[in-house]
Amino acid sequence: MSIVPLNYQVTLRDLKLRISQARYQSLLAVNRELIGLYLYMGEVLSVRTQSGWGNGIIDTLSKDLQAEYPGVKGFSSRNLRRMRLVYEQTAGNEIWTQAVAKIPWGHTNLIFAKVKEPEQRGFYLQQCFERGWSRGILEEEIKYDRYHKQLDFQNNFSQTIDETRLSIHRQEFRDEYNLSFLGLDDQHTERELENAIVDNISKTLGQLGNDFAFMGRQFRLELDDKEYFIDLLFYHRKLRCMIALELKASEFKPEHSQQLNWYLHLLDKTVRYPEDNPSIGILLCKSKSKLTVEYALELVNKPMGVATYHYRQLPEDIARYLPTEDDFSRIINGAGIAATDEEQD
C-alpha cells in the first residue's frame with residue numbers, strides 16, 4: 001500500500017469543497033436559464049392571447065410541446081398558463097422580476113397557486129428571495145398567513161425608529177408566532193416556556209428568521225449593585241442591533257412594557273457597541289388586548305413590539321379518545337413480549 005501524504009486530507013477536503021461549489025453554481029445557472037425560458041414563454045403567450053388566441057390554443061400548444069419533448073416536465077397546460085400569469089404580474093416590477101429570476105420555479109408556482117392577491121404574492125416572492133426560504137418553509141409561512149401577521153404586528157417603531165428604516169424593521173417581526181414544535185402543555189410557566197425555546201433553539205431561530213443570532217438566556221445586566229435579567233437575547237445581523245425577547249405565559253399587562261423599556265435602556269447604555277443601532281424589545285405573550293397594547297406602547301420611548309404565540313393542540317373532545325403516552329408504552333412493551341414469545345416458538 002502506498003503511504004498517504006500528510007497533506008492528503010487537506011487536499012481532499014479542498015477539492016470536495018470546490019466540487020460542491022461548482023455543482024451549486026451549475027444548479028443556479030440551470031435555474032436561471034429555466035426561469036428565463038419560462039418568463040419568455042409567458043411573455044409570448046401573453047402577447048398572443050391579447051392578439052386573439054383563445055385559451056384552447058394553449059391546450060394544443062401544451063400537447064405539441066410535450067410530444068416534441070417527451071419526458072421533459074413543465075409544459076402542461078396549467079404550467080403554461082402559470083407562466084403567462086407570472087409574466088403579466090411581474091412585468092414592469094424590477095424587484096418582483098429579480099425575485100422570480102433567483103428563486104426556484106416551484107416556489108413561484110406555489111406562491112401563485114396559493115396566494116391570490118398581487119401585493120401578497122410580491123411579499124412572498126421578496127421574502128423567498130431575501131431569506132432563502134425552502135419550499136417547506138414557504139408553505140408553512142403561507143399557511144400561517146405571514147403577510148397579515150407582519151402587517152398586524154403592534155409596535156411603536158414609527159415613534160422610535162428613523163423613517164428610512166421603518167419598512168425593513170417591520171418586515172422582521174410578526175404579530176403571532178407558531179411554537180407548536182415546543183410541545184408545551186396548555187398550562188405552563190414562563191420558565192418552562194424559556195427552557196423549551198432554548199432546548200429547541202435551532203427551530204426557534206427558524207421561526208424568528210434567518211438573521212437572528214442567539215446571544216444567551218437570562219442575560220445579566222447590572223447597575224448600582226443590582227442585577228436585572230433579560231429572558232432571551234439575540235443579535236439581528238440585518239438590523240445590526242440586539243433584540244431583547246421577554247416571555248410572558250399570560251396576557252399582556254402595561255407594566256411588562258415598562259420593565260422591558262428599562263432593560264433596553266440598560267442594554268444600550270452598558271452593552272451596545274457604538275456602531276450598533278438601538279436595541280429592540282419584543283414582548284412575547286400568551287394573549288393580549290390590542291387596545292391595551294396600543295395605549296401602553298405610547299408610554300415607552302424605546303423601540304418595542306408586542307406579539308403572541310400559539311401552538312396547535314387537539315380539542316379535548318377528540319384528544320380524550322386517543323391513547324396517551326403511557327398507553328403507547330404499554331402497547332409497545334406488550335408487542336415486544338409477544339415478539340419474544342414467537343421467536344422462542
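# A quick briefing: loops, helices and strands

Let's start in a loop: D224 sits between strands β3 (212-223) and β4 (226-236). Helices and strands here are DSSP runs numbered from the N terminus, with at least four residues (H or I) for a helix and at least two (E) for a strand. The model is a predicted one, where local features need pLDDT of at least 70 and side-chain atom pairs count only at pLDDT 80 or more, while totals for chains, interfaces and linings use all residues. Residues are numbered from 1 along each chain as its sequence is written, and side-chain values use heavy atoms, leaving out hydrogens and water.

**The whole chain**

- The protein chain has 16 helices and seven strands.
- Of its 345 residues, 38% are buried; that word means under 20% relative accessible area, with exposed over 50% and partly exposed in between (1.4 Å probe, protein chains only).
- Take the contacts with a separation of 6 or more: 61% of them link residues 24 or more positions apart. A contact means heavy atoms within 4.5 Å.
- The accessible surface comes to about 20800 Å², and carbon and sulfur atoms hold 52% of that. These areas come from the Shrake-Rupley method with a 1.4 Å probe, and for residues only the protein chains shown count as cover.

- Most residues other than glycine have a negative phi.
- Are D224 and D225 buried or exposed? D224 is exposed because its relative accessible area is 69%, and D225 is exposed too, at 75%.

**Helix α1**

- Helix α1 covers residues 8-50, and its 43 residues should span 63 Å at 1.5 Å a residue; its end C-alpha atoms are 63 Å apart, so the two agree. The expected span is 1.5 Å times one less than the number of residues.
- Its buried residues are N31, I35, Y38, L39, M41, G42, L45, S46 and T49.
- An α-helix has 3.6 residues a turn, so residues three or four places apart point the same way.
- Covering those buried residues of α1 are elements including α2 (55-68), α3 (77-90), α4 (94-102) and α5 (105-114).
- After α1 comes G52, with a positive phi near 130°.

**Helix α3**

- The 14 residues of α3 should span 20 Å at 1.5 Å a residue, and its end C-alpha atoms are 20 Å apart, which agrees.
- S77, N79, L80, R82, M83, R84, V86 and T90 are its buried residues.
- Those residues pack against α1, α2, α4, α5 and α6 (118-131).
- G92 follows α3 and has a positive phi near 90°.

**Strands β5 and β6**

- Six of the eight residues of β6 (residues 280-287) are buried, so this strand is largely enclosed by the rest of the structure.
- Strand β5 (residues 241-251) pairs with β6 in the parallel sense over seven bridges; pairing takes at least two DSSP bridges between two strands.
- Which residue of β6 is the bridge partner of I243? That would be I280.

- C241 counts as buried because its relative accessibility is 0%, and C285 is buried with a relative accessible area of 0%.
- How many disulfides are there? The count comes to zero, where a disulfide is a pair of cysteine sulfur atoms within 2.5 Å.

- Y177 is in strand β2 (residues 176-178) and is buried, with a relative accessible area of 5%.
- Leaving aside neighbours within four places in sequence, Y177 is in contact with E172, Q207, L208, L284, A307, T308, Y309 and H310.
- K149 is 28 residues from Y177 along the chain, and their C-alpha atoms are separated by 8.7 Å.
- H188 lies in the loop between β2 and α11 (190-199), and counts as buried at 10% relative accessibility.
- The side chain of H188 makes a polar contact with the side chain of Y309 at 2.7 Å. A polar contact is a pair of N or O atoms within 3.5 Å; within protein, one must be able to donate a hydrogen and the other to accept it, and residues adjacent in sequence count only if both atoms are side-chain atoms.
- A polar atom of the H188 side chain also lies 2.8 Å from the backbone oxygen of D185.
- Not counting residues up to four places away in sequence, H188 touches L193, A249, K286, Y309 and Y311.
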